[in-house]
Number of protein chains: 2
Amino acid sequence: MNDVASKVLTGDPRSIARLITLVENSSPEAASTMKDIHPHTGNAHVIGITGVMGGGKSTLICEITREYRKQGKTVGIIAIDPTSPFSGGALLGDRVRMVKLAMDEGVFIRSMGTRGMLGGLTSAVYDVVEILDASGKDVVIVETVGVGQAEVDVIKVADTTLVVLVPGLGDSIQTIKAGVMEIADIYIINKADRPGVDQAVAEVESLVDIECSNRDRKIPVLTTSAKNGKGIVALVDEIKKHKEYLKKSKEFDVQRRKRYEGELVEIIRKRLMNFIFDESKFKDKVELLIDQIFKKEMDPYTAADEILGKILK
Amino acid sequence: MNDVASKVLTGDPRSIARLITLVENSSPEAASTMKDIHPHTGNAHVIGITGVMGGGKSTLICEITREYRKQGKTVGIIAIDPTSPFSGGALLGDRVRMVKLAMDEGVFIRSMGTRGMLGGLTSAVYDVVEILDASGKDVVIVETVGVGQAEVDVIKVADTTLVVLVPGLGDSIQTIKAGVMEIADIYIINKADRPGVDQAVAEVESLVDIECSNRDRKIPVLTTSAKNGKGIVALVDEIKKHKEYLKKSKEFDVQRRKRYEGELVEIIRKRLMNFIFDESKFKDKVELLIDQIFKKEMDPYTAADEILGKILK
């Protein structure tokens, strides 16, 4: 086992940060270090949080984290922010609250930007979850911004997924229709100090009634006011109950298997695409083919045939 | 050239619909038909429209389409809706307006649901753009719902990308920070009949000033009230001006090349992933490896090595 790996397992923050960076940059040492830590994963409760922009997810995460810390648990937080030229990296304005939290040595926070098509966000996220898990964190929270397909895919890395809605925006139903119903384990109506809460709760509960009629667990609908610290204890309790449900119904193992499968898929995808499009041996050939496609001398399907014919057995 | 291909080239709606379905299902005949039509692509002006949910994009698209029809142009519309168990397919409520439009034979509309990780949305979208282009449509409009990474990627298929914002939600800046600034060619503040328009315009224009200070084209910021039919003529005119700018600056060819490159990447990705994870020869091996990963007898990176070793030359 290499040095970085053994330090990560002790929970050393600098080594954790270093390994995450190695993984994000697809460094050669990353793979061997990830191999070393894998046997030490599988203990953390992975919680995914998604929902509309402006739903107060950051504040909610801070409050959930503070509650876990009160209970003596350590927490890792992965905040997935779209990259922007205006924020100078992957920090959005309302993450200022997180800075204070980051000073607690029982909390590790990492912001990750979204990436382009070839690299893919999801590959690195799986790895960072593994790293925080192996480092001994009791809970790993993964937050995504927005509700798009990539966000829905990322959340599959979680054991328990929270979907955060806000009353009065009229988009509770729209958000749920955005494919989110399939992934939600707990619904949260945040900013419950605003008007329209009862209506939002009623809307969501009626959808839940229809969706869960054939299931053995009814998705709970909770209200919180994160900025006022309300509803947090009940929420953390509900999260715990979900883990117990997963363990009892063996769904926990099923979910873990899905997560490892998802990770394997992503590692393969990333390697294959890098192999074809980044390694110089093929890169020139690919450029040539794209030229021919552009001049209509060839079509993309035939070009794909050529490339695959060269690389596959 | 096969029968479906030649009929698609005449603009026959049933053949267009048939080929789209073949492509969505990755049918064997799809690839050869796509090869036949490729030489006939490259003429349509592809317009991407993205922005926050609830921004009135559907209504805007209807109005833009009506204006193009007045100018004697034919239009293809691809509406990418997240799949939902509650809407029975890929239709959202506010698409009712589109039904009337669909009765115009100069307009072809297709809704496409989002797909899971392996299939990938973007592959089929590139193909459908090609199909509508080859069928003779002057304009192809691609609409995505929400602002996530997948949506940002999809929009790369477009020549001209419109980003739609709404005044007063306070999220103009957030949306722009969501990586959207890099893809916008025209900003639209829709629902301009609402309060807060001037402020929204000012916010966006100041961001544009900063971002475009080193560029040779300043991104225009327009206001529209789609439901009242206001600002549409000016918008369509601005879209036309952008195409002229692309052609003059040779950016048009660069953009087309990027589109074909994106299509090639997606076809290869889809084929490789299907090859590994769907074809029965490997599927069993993969299941076995996932079991071993789960039992910690193996890690995902080593498993990836094994699979890639078996399939690559």
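How many salt bridges are there over all chains? The count comes to 35. Keep in mind that this is a predicted model.

Some background on chain A. Its secondary structure comes to 13 helices and 7 strands. The chain has 313 residues, and 58% of them are buried. Now look at contacts in chain A with a separation of 6 or more. Of these, 76% join residues 24 or more positions apart. The accessible surface of chain A is about 12500 Å². Carbon and sulfur atoms hold 50% of that surface.

Back to the charges. Side chains of opposite charge can pair when their charged atoms come close.

Start inside chain A. R259(A) and D133(A) form a salt bridge, with N to O at 3.2 Å. Where do the two partners sit in the chain? R259(A) is in helix α11, residues 251-277, and D133(A) is in helix α6, residues 121-134. They are 126 residues apart, so this pair links distant parts of the chain. Both R259(A) and D133(A) are buried.

Next, a pair that crosses between chains. D291(A) meets R257(B) in a salt bridge, 2.9 Å from N to O. On the chain A side, D291(A) belongs to helix α12, residues 280-294. On the chain B side, R257(B) belongs to helix α11, residues 251-277. The cut-off for buried is under 20%.

Now a pair within one helix. E266(B) and R269(B) form a salt bridge, and their closest N and O atoms are 2.7 Å apart. Both lie in helix α11 of chain B. They are 3 residues apart, about one turn of the helix. E266(B) has a relative accessible area of 3%, so it is buried. R269(B), at 8%, counts as buried too.

One more charge feature. K35(A), R271(A) and D305(B) are linked in a network of salt bridges. Find those three on the structure and you have members from chain A and chain B.

On to helix packing. Two packed helices are described by the angle between their axes and the distance between the axes. Take α4, residues 57-70, and α10, residues 232-248, both of chain A. They pack at about 75°, with axes 10 Å apart. Angles from 65 to 115 degrees count as roughly perpendicular, and α4(A) and α10(A) are therefore roughly perpendicular to each other. Which residues make the contact? From α4(A) it is L60(A), E63(A), I64(A), E67(A) and Y68(A). From α10(A) it is I232(A), V233(A), L235(A), V236(A) and I239(A). By type, 8 are nonpolar, none polar and 2 charged.

Last stop, T223(B). This residue is in strand β7 of chain B, residues 221-223. T223(B) is partly exposed, at 36% relative accessible area. What does T223(B) contact, leaving aside neighbours within four places in sequence? The partners are I189(B), A192(B), V197(B), V201(B) and G231(B). For scale, compare the position of I311(B). The C-alpha atoms of T223(B) and I311(B) are separated by 54 Å, and the two residues are 88 residues apart along the chain.

That's the tour.

Methods. Residues are numbered from 1 along each chain as its sequence is written. Chains are lettered from A and ligands numbered from 1 in the order in which they are written. This is a predicted model: local features need pLDDT of at least 70, side-chain atom pairs count only at pLDDT 80 or more; totals for chains, interfaces and linings use all residues. Side-chain values use heavy atoms; hydrogens and water are left out. A salt bridge is a side-chain nitrogen of Lys or Arg within 4 Å of a carboxyl oxygen of Asp or Glu. Helices (H or I, at least four residues) and strands (E, at least two) are DSSP runs, numbered from the N terminus. Buried means under 20% relative accessible area, exposed over 50%, partly exposed in between (1.4 Å probe, protein chains only). Axes are lines fitted to C-alpha atoms, for helices over the stretch in contact, and angles run from 0 to 180 degrees between N-to-C directions. Angles under 35 degrees count as roughly parallel, over 145 as roughly antiparallel, 65 to 115 as roughly perpendicular and the rest as oblique. Contact means heavy atoms within 4.5 Å. Ala, Val, Leu, Ile, Met, Phe, Trp, Tyr, Cys and Pro count as nonpolar, Asp, Glu, Lys and Arg as charged, and the others, Gly among them, as polar. Accessible areas come from the Shrake-Rupley method with a 1.4 Å probe; for residues, only the protein chains shown count as cover.
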